[in-house]
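Reader: Hello! I am new to this structure, and I would like to learn how its features get their labels. Could you take me through them?

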Amino acid sequence: MKEFQAYQDIWVYLETKDGELRNVGLELLNPGRRLADATGEKLVGVLIGDGVAALANTVIAHGADRVIVVDDPAYGWYETERYTSALEELVARHKPSALLIGATNNGRDMGPRLSCRLRTGLTADCTELGLDEETGHVAWTRPAFGGNLMATILCPDTRPQIGTVRPGVFKKRPADPSRKGQILAETLTPAAPMSRLLEVLKKDMREVVDLENAEVIVSGGFGLRAPENFSYIRDLAAVLGGQVGSSRAAVDAGWIPQAHQVGQTGKTVAPKIYIACGISGAIQHLAGMSGSDTIIAINKDPEAPIFDVADYGIVGDLFEVIPALIQELQEYRKRQ
């Protein structure tokens, strides 16, 4: 380990969008804090963007000891070459021991490119982080072989250790505004971009599937019997102001797009309320939603594994239970 003595501190890349922190970066400060405490290192947040300096204190409040800030109009929107080069230069200057990146579209784009430039390993789409007691290396755990088993991967020969982590896997640490930390402003020469932003197309937010940030998710499984029966799920989600999820079986059957899939090979979610309708509870699905605050299961099979993790279970025909539940919710709102 002597060759790694120059590498210190656990880094978390804080992704931003429209001048705001994305949840995944704040979530990663939680395992990052645990790793830093276990290794005796500092937890460092990294902010790159335009107008992001004001976010540094929020990062400290959520657990960081230090925040490295690159605030420059040149980084006003994510561009592969520019952001990768910026992070590459920061790593070369400070030599972190490990770097945690959210497994978002941008993180999945930048992480592999960065690891190749640094000639180090990267473990993608992690669902758990720990420390290997024997070696002191970060233990990155991710689904393998189609989600049928979990693999724990170490990076023993190179630094920094890099991994992308799925959004929604970890809970954000409660913010502590009294926490103090160091803010380090860095100046970089922006790399020449490989692409140009010509136009931003605004998408109808009603069509966006945002399971990672949803507070309520209503998911349907193979028990719906037919794709048109997802209307039951959509109606209940609409009443609750939630998002529509699904099991892998429903996606594989072509009943609903893959963007709605919850599980090891889909999205990992942690809403306040998760309602599983007609989902038996295969281990792959449970791994993607077991972090939910409250789990409600509706299934006609009283032996379904989903009831083992549910906080509340309704044994019954979902085609009868869901309409009754919607009616009760609507009447409750009228009484308020």
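Predicted model: local features only at pLDDT ≥ 70, side-chain atom pairs only at ≥ 80, totals over all residues.

Reader: Why does F319 count as buried?

Author: The relative accessibility of F319 is 16%, so F319 counts as buried.

Reader: What makes Y232 partly exposed?

Author: Y232 has a relative accessible area of 25%.

Reader: Why is the pair of Y232 and F319 called edge-to-face?

Author: Rings of Phe, Tyr and Trp (its six-membered ring) pair if their centres lie within 6.5 Å; planes under 30 degrees apart count as stacked, over 60 as edge-to-face and the rest as tilted. The ring centres of Y232 and F319 are 5.1 Å apart and the planes stand at 75 degrees, so this pair is edge-to-face. It joins distant parts of the chain: Y232 belongs to helix α5 (residues 230–240) and F319 to helix α9 (residues 318–335), 87 residues apart. Helices (H or I, at least four residues) and strands (E, at least two) are DSSP runs, numbered from the N terminus.

Reader: How many aromatic pairs does the structure hold?

Author: There are four aromatic pairs. One of them is formed by Y75 and Y83, with 5.7 Å centre to centre and 80 degrees between the planes, and it is edge-to-face. Y75 and Y83 are both buried. Together with Y78, they form one aromatic cluster.

Reader: How do you know that R33 is buried, and what is it in contact with?

Author: R33 has 9% relative accessibility, so it counts as buried. R33 is placed in helix α1 (residues 23–39). Contact means heavy atoms within 4.5 Å. Leaving aside neighbours within four places in sequence, R33 is in contact with E41, L43, G63, D65, R173 and R179.

Reader: What makes D18 and R119 exposed?

Author: D18 has a relative accessible area of 68%, so it is exposed. For R119 the value is 72%, so R119 is exposed too. D18 is in the loop between β2 (16–17) and β3 (20–21), while R119 is in the loop between α4 (105–118) and β7 (122–126). Although D18 is not a glycine, its phi is positive, about 55 degrees. R119, also a residue other than glycine, has a positive phi near 55 degrees.

Reader: How do you know that E228 is exposed?

Author: With a relative accessible area of 56%, E228 is exposed. Its place is in the loop between β13 (216–220) and α5.

Reader: What sits over the ring of F4?

Author: The charged end of R159 does, 4.1 Å from the ring centre. A charge sits over a ring if NZ of Lys or CZ of Arg is within 6 Å of the ring centre and within 35 degrees of the ring normal. R159 also takes part in a cis peptide bond, from R159 to P160, with omega near 0 degrees.

Terms used. Residues numbered from 1 in each chain as written. Heavy atoms only, no water. Buried < 20%, exposed > 50% of the residue type's maximum accessible area, 1.4 Å probe, protein only.
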